[in-house]
Structure formats: C-alpha cells, structure tokens
Amino acid sequence: MTIDQFNFAGKKAFVRVDFNVPLDENFNITDDTRMRAALPTLKKILADGGSIIIGSHLGRPKGVTDKFSLKHILKHLNELLGVEVQFANDCMSEEAAVKAAALKPGEVLLLENLRFYAEEEGKPRGLAEDATDEEKAAAKKAVKESQKEFTKKLASYADCYVNDAFGTAHRAHASTALIAKYFDKDNKMFGYLMEKEVKAVDKVLNDIHRPFTAIMGGSKVSSKIEIIENLLNKVDNLIIAGGMTYTFTKAMGGNIGLSICEDDKLDLALDLMKKAKDKGVNLVLAVDAKVADSFSNDANTKYCNVNEIPDGWEGLDIGPKTEELFANVIKGSKTILWNGPTGVFEFENFTHGSRAVADAIVEATKNGAFSLVGGGDSVACINKFGLADQVSYVSTGGGALLEAIEGKILPGIAAINE
Ligand code: AMP
C-alpha cells in the first residue's frame, strides 16, 4: 500500500517518526529538521480525516529519564501541526490506551519516548558488569519475550501503521519493524519521507545512469570498508577523500608526515586498489594536500604533493590540483553519491576541498545528474554551504543510509514490503 492510495478517513494511524531532535540545556530544539520532515505524512492523515498516534524515540535513554522526555517537543509539534497534540506520558499505560481509543478524526496523540522501555530496542538493561554468559542469554530471552507484548500493545492502538522514520530503518526495533506484522499489506505503508529515501537509495543502487561516481570521505577506511566494497560493484569512479587518503598514500610508500593513518589497514588499502583495478573502476585518489603544522584552524598551512608531506605536518584537506581532478570527474557524472568531507571541515580553513566537491555536484545536478548526499558529515557540509536545495536529495538517515548503501536489507523497509 502507498500512502497516497490510502484513505485515512475515520482511521487511527500509528505513525513511527524520528523526532530524535537535538535539544539545548533548556530543552529548546536547536534543529527541527526531523520534525518538519514528517509533516507531509502527518498532515495528509489529518486532511483525510484520520487520527494519529505518534511514536518516536529521543536519544539513548537507559530507562525513564526526564532529559529524554518527548514532552519537551510537544509545544513545537503543536505549532508545526496547528493542532493541540495530546500526550501520554507512558506509552504502555492505561492512559495511553484510553487516549488512543478516544481519538477523533483530526486528533493527535504523542506517546512518551518508546525507548523508556527496553522492549523497544529488545536489548536487556541493567545487567551486572560481571554477568555470566548464561545470565546475559536469559536476560536477552526475557526481553525478547516481553517485547512481543509491548509490540502487540502498540499495534492495538491503531488500524494502520505508517513508518516515516528512515533514521531508524536499519534497526529491527518494536516500533520500526516488528509492529508491522500486526497489520496486513493493505494497512501498512511508508510515510512520504521514507518513500523519498527509499527511492533515492534505489536510484543509486539499482537505477543507475552512468557514469556513476561515489565520493567517499571521512576519517577512517575501517568504518567505510563494506560500503567501498559494495560500491566497487556499482560505480564507474570512486573518489577517495578525507582522512582515509593517507592510509592509501602510505600504503603506496608515500610520506604522510603526521597525517591521520590506520597502519593496520595498509594491506586493505592495497587490496581495495587491486579490486578496483580488477573491476575496471576508476579509483581517484588525491594528488596534493593542504597541510598544517598542528591540528587546529589557526595552524600554519601550505600545499604539497600528497606523498611528500614533510615531517611534522599533516594533511587536513585536499589541495587545488585534487580539487580540480575531483571536480572534473564529478562534473562528467550522471549519478553521484557523496558521503564524507574531503577534510576537517569543522575548521573553516579546511573546508575549501569539500566546498569544491559540493560546487561540482551542484553543477552536475544542474546538468541532469542525480545526486544523493548523505550519511553524516557530508549533510552538515552541504547545509553549511547552503547548497542542500541544489542537489537531488539530502538523506535524513546517517547509519540507515550507510547500511543501505552497503547493500544490507533494512528491517524497517523489509517489514513494510513483506
Ligand atoms: P566520518 O564520520 O567517517 O564521515 O568522518 C568525518 C570526520 O572526518 C570529520 O569530523 C572530519 O573532520 C574528519 N576528517 C576528514 N578529513 C580529515 C583529515 N585529513 N584528518 C583528520 N580528520 C579528517
């Protein structure tokens, strides 16, 4: 079922959203992007004449914690929706069940943080540090058992289930995946946000217009191995940027000075290079670097060849020759995936490379390429540059997007499609 086909008139919808927004010390929301992202889905349900039970998590509580209460976002949700949203301060309480049952068309009930219950994640809590393997296994079994009741109760509040929480689609949690089995195919669906995310991922994994270029940045090769390996089966060009660069440079015998490097991944870097060659993938590595004499924005800087970094200096961004090299590859592409900055973009003086990549992506997009930016810091980058609306899609999912690109089946998506 798709959300557009579904008529919510007179129906109660359980909508799993990702309202895991950042809060300051006074519980003010510092970035409401995730809340806004769910509005089209919520508004469609209300416009149809349906009512909504909203489920979400906030943070990583290990039990009931005021700091992670969703009551902090209630006022803002009222404003965004233009509806007086009701609140149930315990998602399993009699009060929650009564309020859900009494919902009339156009009404909305926000449940308290689902992760106040261990059952949401299905992971045991409060185990002693010295717990034996048997104790751990028993605790796990117990929480999995009670998770069934938890999930069933959440499902009982509603007639249909809508998953609009792409950020947690890679988790097989009660409200993100397990709950779906209590609804038949005609009564469960993705929300609009989730639909857009699934389509965007599908375009870079299955509906590829060539050439396809992936730009992988970030700090460590080790955290990106699986993605790189999966992408080697898909892309025409693989650009390696960011801190990962220096592991490759060192593996090839270059001098990298104090640059970040994973010495135990040198063989892996060479292996990835060989795999790229065998598969006919054009692996594009940096040729020069902007180096600094300390890890700070105010460090002295200069440019040098990437394999000739002087002792005492470290590469904190790509240099101008590399910017041009990367930009040319990107501009000639029809499908583009960008994950991870080219340098330490948190320091103003080392954002230039990431900006050059972003500009090239924008230009390619204007010329008809499909561009997907996502998976953590590249999203912060594109937002910092104010260019988010000039690429095809900026994903809201960090880990979820990365796992999807790794080629994994995301439980939140599978549960709806099953
Ligand atoms: P990731 O979370 O793996 O995408 O990595 C993003 C982080 O990589 C950012 O915090 C960057 O500051 C960092 N990074 C990028 N390039 C470098 C570099 N040359 N040296 C150290 N850190 C880097």
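Is Lys408 buried, partly exposed or exposed, and what is its relative accessibility? Lys408 is partly exposed, at 38% relative accessibility. This is a predicted model. The chain has 14 helices and 17 strands. Its radius of gyration is 24 Å, close to the 22 Å that the globule rule gives for 418 residues, so the chain is as compact as a globular protein of that length.

**Overall dimensions**
- The C-alpha trace spans about 70 × 55 × 45 Å along its principal axes.
- Of the 418 residues, 55% are buried.

- The structure holds 22 salt bridges.
- One of them joins the side chains of Lys408 and Glu226, at 3.7 Å from N to O.
- This pair links distant parts of the chain, 182 residues apart.
- Lys408 lies in the loop between helix 13 (399–405) and helix 14 (411–417), while Glu226 sits in helix 7 (residues 225–231).
- Glu226 is partly exposed, with a relative accessible area of 48%.

- Glu95 pairs with Lys99, with the closest N and O atoms 2.8 Å apart.
- Both belong to helix 3 (residues 94–102); they are four residues apart, so about one helical turn separates them.
- Glu95 is partly exposed at 31% relative accessibility, and Lys99 is partly exposed at 25%.
- Glu121 bridges to Lys123, with closest N and O atoms 3.7 Å apart.
- Glu121 is buried, at 16% relative accessible area.
- A salt-bridge network links Glu121, Lys123 and Arg125.

**Surface charge**
- Glu129, Asp130, Asp133, Glu134 and Glu135 form a surface patch of negative charge.
- Asp130 is in the loop between helix 4 (118–121) and helix 5 (133–156).
- Asp130 is exposed, with 65% relative accessible area.

Terms used. Residues numbered from 1 in each chain as written. Predicted model: local features only at pLDDT ≥ 70, side-chain atom pairs only at ≥ 80, totals over all residues. Heavy atoms only, no water. Patch = residues over 30% accessible without salt bridge, like charges linked within 9 Å, V, L, I, M, F, W, Y side chains within 5 Å. Areas by Shrake-Rupley, 256 points an atom, 1.4 Å probe, with all protein chains shown as cover. Salt bridge = Lys/Arg side-chain N within 4 Å of Asp/Glu carboxyl O. Lys, Arg positive; Asp, Glu negative; His and termini not counted. Charge placed at Lys NZ, Arg CZ, Asp CG, Glu CD. Helix = DSSP H or I, 4+ residues; strand = E, 2+ residues; numbered from the N terminus. Buried < 20%, exposed > 50% of the residue type's maximum accessible area, 1.4 Å probe, protein only. Rg over C-alpha atoms; globule rule 2.2 N^0.38 Å.
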